[in-house]
Amino acid sequence: MDGIIGEIEALKVVPVVAIENPDDANRLADALLEGGIPCAEITLRTAGGLKAIEALSKRPEFLVGAGTVHSDQQAAAVADAGARFVVSPGFNPKTVAWCKDHDLPVFPGISSPTDLEMALEFELEVVKFFPAEAMGGIKTLKAFHGPYQSIRFMPTGGISMSNLADYLSLPWVVACGGSWLAKSNLIAEGRFDEIVRLTAETTSLLKEISA
Ligand SMILES: O=C(O)C(=O)C[C@H](O)[C@H](O)COP(=O)(O)O
């Protein structure tokens, strides 16, 4: 578990991707690698998601996780496909229990103190804060940190290059997730050069932030 959290923490950004055609998965990974972020959370929002995870799990230089995992059955399916971590928009105790039982790092979505109580119950170290901007953004994250100091967050939802630095300035933010690097339309239209450009721009910003 620590291994994956450490890898995500070092990356600081987790690209969230909805990919229709699994044949595009390798070109997507090439673009993210070229831009400097060798990771993606491939969501199960599309029919091609599971196959894309399977393709990318064969690349040791690339960290592939699964997103939009809504059930323990889906967690089992993405584990079979080779996902190295699981993310969900909300907190499903069955999904979390399955992942914990199978030593698969899981980052369920939380958006309230009640959800955070469940995270404590499951002894989770890191949760997703979703939808971050719509739920009050930095202000809410600061309020959560008061009573839940042992928990760290991966804010996602409404994050872009314009507010990334603000989120990453909070020491209890591990990394931010977001779709701004590889929007579905860019993948579908084969505009991988644009994905390289957006990823490289994000990488430069991350360097500036940490300088
Ligand atoms: O599909 C999931 O598993 C989700 O929980 C939602 C995604 O993480 C967000 O939709 C990304 O948000 P944006 O960066 O604002 O596009």
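Student: Which residue in S8 stands opposite Phe129?
Tutor: Phe129 faces Pro155 in that strand. Strands (E, at least two residues) and helices (H or I, at least four) are DSSP runs, numbered from the N terminus. This is a predicted model, in which local features need pLDDT of at least 70 and side-chain atom pairs count only at pLDDT 80 or more, while totals for chains, interfaces and linings use all residues. Residues are numbered from 1 along each chain as its sequence is written.

Student: How many bridges join S7 to S8?
Tutor: Four bridges link S7 to S8 (residues 152-155), and the two run parallel; strands pair if DSSP finds at least two bridges between them. From S7, the chain reaches S8 through helix H7 (residues 137-145) in a right-handed β-α-β crossover. Right-handed means that, with the strands pointing away from the viewer, the path from the first strand over the helix to the second runs clockwise.

Student: And which residue in S7 is the bridge partner of Ile110?
Tutor: Ile110 is partnered by Phe129. S6 (residues 109-110) runs parallel to S7, with two bridges between them. Together with helix H6 (residues 113-121), S6 and S7 form a right-handed β-α-β unit.

Student: Which way do the residues of S7 point?
Tutor: In S7 (residues 126-129), Val126 and Lys128 point one way, Val127 and Phe129 the other, and all are buried. Buried means 20 or more other C-beta atoms, placed from the backbone, within 10 Å of the residue's own.

Student: Changing topic, what does the C-alpha trace span along its principal axes?
Tutor: The span is about 45 × 40 × 30 Å. Of the 211 residues, 44% count as buried.

Definitions and conventions:
Buried ≥ 20, exposed ≤ 12 C-beta atoms within 10 Å, placed from the backbone.
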